[in-house]
Amino acid sequence: MVTTFVILTIVTLVSAIAAMSLRNLVHCALCLVLTFAGLAAFYLQLNAQFVGFAQILVYVGAVAILIVFAMLLTRNVDSTRQAILSPSWGVGIVGALLVFGAIVLSILCSTMVHRPALSETQVTVLAIGEQLMTNYVLPLEVIALLLTAAMIGAVIIALHEPTSESSAVQNPRLEPSVPSVPNPAQVPRTDHP
Amino acid sequence: MLPLHYYLIVSAALFAIGLAGALTRRNAIIALIGIELMLNAANLNFIAFWRYGSRPEALTGVMFVIFSIGVAAAEAAVGLALIIAIYRHYKTTNLDEIDSLKG
């Protein structure tokens, strides 16, 4: 039990660090898949089988693929030359270490640490389905609505922006005298201090 | 079974790694991955507390994690669509260069 836990911890944390620190974005996505799989194994070890398989299905199957697609669609040509960390990276690292220290300190000071695990209860998918259809039916409907709205919103946000000529044709109410905002990508950048 | 705080410390480490990545990396997609890692750390906490809680047959932790996974999937879809839209506009995903609203 302890050996499994140690192996899972090492795999999950090392791949998470790699996903956050590698330069090549596709390597980051592959390490992220490993992290998600390690977390699913943690769920299985904690006897939450349904959540573990849902984790693999949603994260490894869908979110990772979505991230890889976004990476390929936003490929930067000159990304190999510039630094991958922002100029104030030291503050971020120190802040994360402070948060980690605070959480670990509060965990070790808590009396909850010595609570024993209760008897092994087998959670069947039947019980989860019954709960979803009785006690949790309103959250289920809300999450369905949220997923629909998010899907439509994502499609609308990622649609091509119409060019100025075609938008004038499609939208005759748009006055041609409206001053068009210059595209910031074409304006030469002036860096203010 | 292992004591509860083993899982909590692993979850805290995962949260700290995600926070460090979200704060330090310049690429918007990697920052979004850091946010996903933090959400997953919270999910691991939910499952661990449910497993060691007083009434595991009530399934509250499992239900919360299922809904949390759904919300995280919606967040990832909208976030990546926003990043793609920003990339079309600015031709970059570098968070330091997207500063039009900066005074």
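Over which residues of chain A does pLDDT stay under 50? The stretch is residues 171-175 of chain A, for which the model has 1 contact beyond four places in sequence; pLDDT is the predictor's confidence in each residue, from 0 to 100, and contact means heavy atoms within 4.5 Å. This is a predicted model, in which local features need pLDDT of at least 70 and side-chain atom pairs count only at pLDDT 80 or more, while totals for chains, interfaces and linings use all residues. Residues are numbered from 1 along each chain as its sequence is written, chains are lettered from A and ligands numbered from 1 in the order in which they are written, and side-chain values use heavy atoms, with hydrogens and water left out.

Chain A has a mean pLDDT of 82, with 79% of its residues at 70 or more. For chain B the mean is 90, and 100% of the residues reach 70 or more. The complex receives an ipTM of 0.92 and a pTM of 0.84 from the predictor.

Turning to the interface, 86 residues of chain A are in contact with 77 residues of chain B. Together the two chains bury about 7200 Å² (accessible area, 1.4 Å probe, lost on being put together and summed over both), with 76% of it on carbon and sulfur atoms. On the chain B side, R25(B), R51(B) and F67(B) lose the most area to chain A, together 9% of what that side buries.

The axes (lines fitted to C-alpha atoms over the stretch in contact) of α5 (residues 125-133) of chain A and α3 (residues 60-90) of chain B come within 11 Å and cross at roughly 75°. That angle makes the two helices roughly perpendicular (65 to 115 degrees). I128(A), Q131(A) and L132(A) meet V62(B), M63(B), I66(B) and F67(B) here.

Within chain B, D96(B) and R26(B) form one at 3.1 Å, N to O.

Key. Axes are lines fitted to C-alpha atoms, for helices over the stretch in contact, and angles run from 0 to 180 degrees between N-to-C directions. Helices (H or I, at least four residues) and strands (E, at least two) are DSSP runs, numbered from the N terminus. Angles under 35 degrees count as roughly parallel, over 145 as roughly antiparallel, 65 to 115 as roughly perpendicular and the rest as oblique. A salt bridge is a side-chain nitrogen of Lys or Arg within 4 Å of a carboxyl oxygen of Asp or Glu.
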